[in-house]
Amino acid sequence: MAVVNSMEGIVEVALKELLKEDPECCTCENCMNDMMCLALNALPPKYVSSERGALFSKINNAMAQQRSIDVRVACINALEFVKSHPHHNIS
Ligand SMILES: [Zn+2]
């Protein structure tokens, strides 16, 4: 049985929402991964014990959690950090 950190899905949705409002930020795979790591490391993990559970938890909590202050702050911090410290040169 898979154990998944459902926070990954929540952060991904919240980040994409923020990136829509901030088109200046690079969204290549490197930068997306960096932002995901930074935000996830700043937030408590939320493990669920099956894919069904993950999906359920994702649907159930995504709306509430992606808008929670903690998730939003972590995503904003990650976005700002990657924007000012990209792992590559932006042309
Ligand atoms: Zn990039």
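How far apart are the end C-alpha atoms of helix 4? The close-ups below start there. This is a predicted model, in which local features need pLDDT of at least 70, side-chain atom pairs count only at pLDDT 80 or more, and totals for chains, interfaces and linings use all residues. Residues are numbered from 1 along each chain as its sequence is written, and side-chain values use heavy atoms, with hydrogens and water left out.

**View 1. Helix 4 from end to end.** Helix 4 covers residues 69-84, and its end C-alpha atoms are 22 Å apart, which agrees with the 22 Å that its 16 residues should span at 1.5 Å a residue. The expected span is 1.5 Å times one less than the number of residues. Helices here are DSSP runs (H or I, at least four residues), numbered from the N terminus.

View 2. Buried means under 20% relative accessible area, exposed over 50%, and partly exposed in between (1.4 Å probe, protein chains only).

View 3. C26 (SG), C28 (SG), C31 (SG) and H88 (NE2) are the protein donors, lying 2.1 to 2.3 Å from the zinc ion. Donors are N, O and S atoms within 2.8 Å of the metal (3.2 Å for Na, K and Ca); water is not among the atoms, so sites may look incomplete. The four donor atoms subtend angles of 96 to 121°, which makes the arrangement tetrahedral (four donors with all angles between 85 and 135 degrees). C26 lies in the loop between helix 1 (7-21) and helix 2 (29-42) and H88 in the segment after helix 4, so this pair ties together parts that are 62 residues apart in sequence. C26 is partly exposed at 21% relative accessibility, and H88 is partly exposed at 24%.

**View 4. D22 in its loop.** D22 is found in the loop between helix 1 and helix 2. With 16% relative accessibility, D22 counts as buried. Beyond its neighbours within four places in sequence, D22 is in contact with L79, E80 and K83, where contact means heavy atoms within 4.5 Å.

Terms used: Helix = DSSP H or I, 4+ residues; strand = E, 2+ residues; numbered from the N terminus. Tetrahedral: all angles 85-135°; square planar, octahedral: opposite > 155°, others 65-115°.
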